[in-house]
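Subject: Structure handover

Hello,

Here is the structure I said I would pass on. Please keep it open while you read the notes under it.

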Amino acid sequence: LDRVHESHREAVLAWRAATADPARYGASAHWDALGLDRLLIQLPLDSLTADDLPPTVRRLLEAPSGEKLARTLEAYLDNGADAQLTARVLVIHRSTLYYRLGRIHEIVQSDLSDGLVRRELHTGLRVAALARLRAA
């Protein structure tokens, strides 16, 4: 009983993550499985706008086919920048993936081989998803 308050808080935040991203979590999420979302879900997501996102993420999401490119980039980053694995996961040819990564590079105007850029894009896309600033 001495942890009831903490358990309730974790359950509420896990529920918030599940409702913010049902595609990832389904109907329910477990606190221990949230990873970085444990931190991100505590941000004031309801008050965030597209203007709060990093410029690189805003440019990508505002571009024609931006959401498709964002999903491609997110998959690429989720898979540790492994092009072969990402192409398999997305069920596309590797040359299609390279074409899309080239388009992303042009749009975000940043070097995708730079770890800081990748972190900004990956985290920014995740925050945009949790804040429902991305198309479903």
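The notes below cover an annotated domain, a helix and a residue.

This is a predicted model, in which local features need pLDDT of at least 70, side-chain atom pairs count only at pLDDT 80 or more, and totals for chains, interfaces and linings use all residues. Residues are numbered from 1 along each chain as its sequence is written, and side-chain values use heavy atoms, with hydrogens and water left out.

An unreviewed UniProt entry lists residues 69-127 as "domain: PucR C-terminal helix-turn-helix"; UniProt positions are given in the numbering used here, the feature name is shortened, and such annotations may be inferred rather than shown by experiment. In the model, this span is 78% helix and 0% strand, and its end C-alpha atoms lie 16 Å apart. Helices (H or I, at least four residues) and strands (E, at least two) are DSSP runs, numbered from the N terminus.

Helix α8 covers residues 115-130. Its buried residues (under 20% relative accessible area, 1.4 Å probe, protein chains only) include Val117, Leu121 and Leu125. The buried residues of α8 pack against several helices, among them α1 (4-20), α4 (55-62) and α7 (94-108). At the start of α8, a side-chain oxygen of Asp114 comes to within 2.8 Å of the backbone nitrogen of Leu116. Just after the helix, Arg132 has a positive phi of about 60 degrees.

Thr56 sits in helix α4 and is buried, at 5% relative accessible area. Leaving aside neighbours within four places in sequence, Thr56 is in contact (heavy atoms within 4.5 Å) with Val108, Ser110, Glu120 and Leu121.

Regards

Methods. Expected span 1.5 Å × (residues − 1). Buried < 20%, exposed > 50% of the residue type's maximum accessible area, 1.4 Å probe, protein only. Polar contact = N/O pair within 3.5 Å; in protein donor to acceptor, adjacent residues only side chain to side chain.
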